[in-house]
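This report describes one protein structure for a reader who is new to the subject. Please keep the sequence and the three-dimensional view at hand while reading.

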Amino acid sequence: MQSLMAGIEPAYANRGLFTRLKIASIELARKKNCDLIYSKATSQFSTRANLKLGYHSARTIDYRTYVNKKGEHVFRDMSKIHQTCTLTVKDLRISNKFVLT
């Protein structure tokens with residue numbers, strides 16, 4: 001399963017909605033017999049939430065140093081919470097439990 005983007009409207013932040021959304025995605029993946037979930041985390045908040053739910057960091061791209069094939073810095077002027085894009089992976093074959101800290 002692939003989880004590309006998710007976001008919470010700032011007015012509803014800090015209510016656990018993102019975590020509940022991610023848990024629902026994990027439960028759906030299990031129901032559909034998926035072995036792995038790949039999730040792109042584009043902020044420090046989504047990266048941290050994925051890691052708390054048992055995802056592992058597979059690769060991180062630093063927006064400040066990333067250049068495309070033309071040598072262009074396409075991610076200039078990103079906000080402070082959007083400093084990296086991290087590919088996170090959850091292997092559903094390993095554990096059926098959530099690890100919330």
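Which residues do ring pairs link into a cluster? They are Tyr63, Tyr66 and Phe75, and a section below returns to them.

## Basis of the report

This is a predicted model, in which local features need pLDDT of at least 70 and side-chain atom pairs count only at pLDDT 80 or more, while totals for chains, interfaces and linings use all residues. Residues are numbered from 1 along each chain as its sequence is written, and side-chain values use heavy atoms, with hydrogens and water left out.

## Overall architecture

The protein chain contains two helices and four strands. Helices (H or I, at least four residues) and strands (E, at least two) are DSSP runs, numbered from the N terminus. Read from the N terminus, the elements follow the order β-α-β-α-β-β.

Along the principal axes, the C-alpha atoms of the protein chain fill a box of roughly 40 × 35 × 20 Å. Of its 101 residues, 24% count as buried; buried means under 20% relative accessible area, exposed over 50%, and partly exposed in between, with a 1.4 Å probe and protein chains only. A contact means heavy atoms within 4.5 Å. Among the contacts with a separation of 6 or more, 74% come from residues 24 or more positions apart.

## The sheet

In which order do the four strands form the open sheet? The order is β1-β2-β4-β3, and the pairing is mixed. Two strands pair if DSSP finds at least two bridges between them. Strands β1 (2-3) and β3 stand at the edges with a single partner strand each, so one side of each has no neighbour in the sheet.

Strands β1 and β2 are parallel and pair over two bridges; here Ser3 has Ser39 in β2 as its bridge partner. Strand β2 (residues 36-41) is also joined to strand β4 (residues 84-91), in the antiparallel sense, by six bridges, and Tyr38 stands opposite Val89 in β4. Six bridges likewise pair β3 (residues 56-62) with β4, again antiparallel, and Arg59 has Leu87 in β4 as its partner.

Strand β2 has two faces: Ile37, Ser39 and Ala41 make up the covered one, whereas Leu36, Tyr38 and Lys40 make up the uncovered one.

## The aromatic cluster

Two aromatic pairs are found in a search of the whole structure. Rings of Phe, Tyr and Trp (its six-membered ring) pair if their centres lie within 6.5 Å; planes under 30 degrees apart count as stacked, over 60 as edge-to-face and the rest as tilted. The pair of Tyr63 and Phe75 is tilted, because the ring centres are 4.6 Å apart and the planes are at 50 degrees. Both Tyr63 and Phe75 lie in the loop between β3 and β4, so their pair ties together parts that are 12 residues apart in sequence.

Tyr63 is buried, with a relative accessible area of 8%, while Phe75 is partly exposed at 31% relative accessibility. Phe75 also pairs with Tyr66: the centres of these rings are 5.7 Å apart and the planes at 45 degrees, so this pair too is tilted. Tyr66 has a relative accessible area of 31% and is partly exposed.

## The largest pocket

Rolling a probe the size of a water molecule over the atoms shows where empty space is left. On a 1 Å grid over the protein atoms alone, a pocket is an open set of points where a 1.4 Å probe fits, with protein on both sides within 12 Å along at least five of seven lines; lining residues have an atom within 4 Å of a point. Grid points are joined across faces, edges and corners, and a volume is the space filled by probe spheres set on the points.

The largest pocket has a volume of about 710 Å³. Its lining consists of 32 residues, and Ile8, Phe18, Ser43, Phe45 and Ser46 lie nearest its centre. Helix α1 (17-31), strand β2 and helix α2 (44-52) each supply at least two lining residues, with α2 giving the most, six residues. The lining divides into 15 nonpolar, 12 polar and five charged residues; Ala, Val, Leu, Ile, Met, Phe, Trp, Tyr, Cys and Pro count as nonpolar, Asp, Glu, Lys and Arg as charged, and the others, Gly among them, as polar.
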